[in-house]
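Subject: Structure handover and side-chain notes

Hello,

Please find the structure below. My notes on its side chains follow.

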Amino acid sequence: MSHRKAIYCQALAAILFSTSGLLIKLISVPPLPLLGVRGAFAALLIILYMARPLLPSTRGESSSGPPTHPARNLLSFRLSLPQLGGAISLVGAQAFFIIAVRETTAANAIFLQYTAPVFVAFFGIHYLREPVKKSDWLALAAISIGLLCFYGDGLTAGGAVGNLFGLLAGLTFAWFLLFMRKQKDTSTIETVLLGNILSALIGLPFLLESAPTAADWYGMLFLGIFQIGLPSILIAVAIKKLTAVEAILIQTLEPVLNPVWVLFFIGEMPTPLALLGGAIVVGAVSLRSIRSIRTRRVAPASQPTA
C-alpha cells in the first residue's frame, strides 16, 4: 500500500468512527453489553477479512496444484507486549468513550477523547523514537484551536465522572495507535481482532441483564460492522505506512464529523463558530496530509519525511 492510500484509509476510518456519538446516545442498552455485542460483531467481520488469504486461488493452476496463498492459523496470536497492549488499549478506548458519552455531554466526551494527539506526540517520541516534525506541531496547534471553537459552546464543567472517562478514552486511544505503529513490520490485524474478542468476552455476559429492542440490535450491528470492525481493519492496514502522529492527526476528522450525522438525522444545525472550527480542523488535516505526500515524492526513500 502506498502512503497516499494509507492516508485515504485512515480518513475513511475516521468517517466511520464518527457515527458512534449519535448511535450510542440512541441505543438504550447499558455500556457493558453494548461494548460486548459491538465487539462480537466486529470480531466476526475481522475474522472474515483475515480468512481471505486462506481461500485457494486456482487462477492459472490446475485443481490439484498448490494454493496461491499459504495457509495460516487465523488465531496465531504472538501475545507480544505491543499486541497485548494494543488490544487492551482498544478495549479501554471503546469502553471509556461509551461511559463518557453516557455520563457527560457529547461535546465533553468527544473533545476530551481528542486529547489523544497530544499523548501520541509526547509518548511517540520516547516509545517509537519517531520525531515530531514542525509541521506536526503546527497542525496539532491548529486542530486544538479548531476543536475548541467547534465544541466550545457545548463544553461544561459538570459531569466530572464522564469527563474523567473522556480523558481516559483519549489516553487509551493514543496508546492503541502507538502499540499498532510499534508492530509496523509485523501483522497488526491480530491486535484489533484480539481487542474486539476481549470486548466481547467482557461485555456479553451483561447482555443477560438487559433487554435490547429490535432497534437496539440493528444499531449494535451497524456499530459492530461499520463503526468498529471496518475502521479497525483500515487502521491495521494504514498504520504500517503512517507515523503514529500522522494517523492521529487524520483521525481528528472524526469529532468534527460527529455533528454531521446529527444534522442529517436530527436536523440540529451547528453554530457559525462550530462551522469555523470544523473548517480549521479539516483544513489543517488536509494541508498536513498534502504536505506529507509531496515530501515523500521528492525525498529519497532512505531519508525521513515530514
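Is Phe119 buried, partly exposed or exposed? Phe119 has a relative accessible area of 21%, so it counts as partly exposed. The cut-off matters here, because buried means under 20% relative accessible area. Please keep in mind that this is a predicted model.

Aromatic pairs

Ten aromatic pairs turn up in a search of the whole structure. In one of them, the ring centres of Phe96 and Phe165 are 5.7 Å apart and the planes stand at 45°, so this pair is tilted. Phe96 belongs to helix α4 (residues 81–103) and Phe165 to helix α8, so the pair ties together parts that are 69 residues apart in sequence. Phe96 is partly exposed, at a relative accessible area of 22%.

Phe119 pairs with Phe123: their ring centres are 6.4 Å apart and their planes are at 25°, so this pair is stacked. Here both partners sit in helix α6 (residues 116–127), four residues apart, which is about one turn of the helix. Phe123 is also partly exposed, with 26% relative accessibility.

Phe119 and Phe123 belong to a cluster linked by ring pairs, together with Phe122, Tyr127, Trp175 and Phe179. One member of the cluster, Tyr127, has Lys182 over its face, at 4.7 Å from the ring centre.

Salt bridges

The search of the whole structure gives two salt bridges. One joins Glu130 to Arg181, with the closest N and O atoms 2.6 Å apart. Glu130 lies in the loop between α6 and α7 (134–151), while Arg181 lies in helix α8, so this pair ties together parts that are 51 residues apart in sequence. Both ends fall under the cut-off for burial: Glu130 counts as buried at 15% relative accessibility, and Arg181 counts as buried at 10%.

The other joins Arg288 to Asp136, and its closest N and O atoms are 2.6 Å apart. Arg288 is in helix α13 (residues 272–298) and Asp136 in helix α7, so the two tie together parts that are 152 residues apart in sequence. Arg288 and Asp136 are both buried.

In soluble globular proteins, nonpolar side chains tend to be buried together. In this model, the largest nonpolar core has 78 residues, and the members that touch the most others are Leu34, Phe176, Leu177 and Val192. Helix α8 (residues 160–182) supplies the largest share of this core, with nine residues.

What does Leu177 contact once its neighbours within four places in sequence are left aside? The contacts of Leu177 are then Ile235, Ile239, Ala247 and Ile248.

Cysteines

How many disulfides does the structure hold? The count is zero. Cys9 is buried, at a relative accessible area of 14%. Cys149 is buried too, at 18%.

In brief

Helix α6 holds the Phe119 and Phe123 pair, and helix α13 is tied to helix α7 through Arg288 and Asp136.

Regards

Terms used
Residues are numbered from 1 along each chain as its sequence is written. This is a predicted model: local features need pLDDT of at least 70, side-chain atom pairs count only at pLDDT 80 or more; totals for chains, interfaces and linings use all residues. Side-chain values use heavy atoms; hydrogens and water are left out. A nonpolar core is a set of buried Ala, Val, Leu, Ile, Met, Phe, Trp, Tyr and Cys residues joined through side-chain atoms within 4.5 Å. Buried means under 20% relative accessible area, exposed over 50%, partly exposed in between (1.4 Å probe, protein chains only). Contact means heavy atoms within 4.5 Å. Rings of Phe, Tyr and Trp (its six-membered ring) pair if their centres lie within 6.5 Å; planes under 30 degrees apart count as stacked, over 60 as edge-to-face and the rest as tilted. A charge sits over a ring if NZ of Lys or CZ of Arg is within 6 Å of the ring centre and within 35 degrees of the ring normal. A disulfide is a pair of cysteine sulfur atoms within 2.5 Å. A salt bridge is a side-chain nitrogen of Lys or Arg within 4 Å of a carboxyl oxygen of Asp or Glu.
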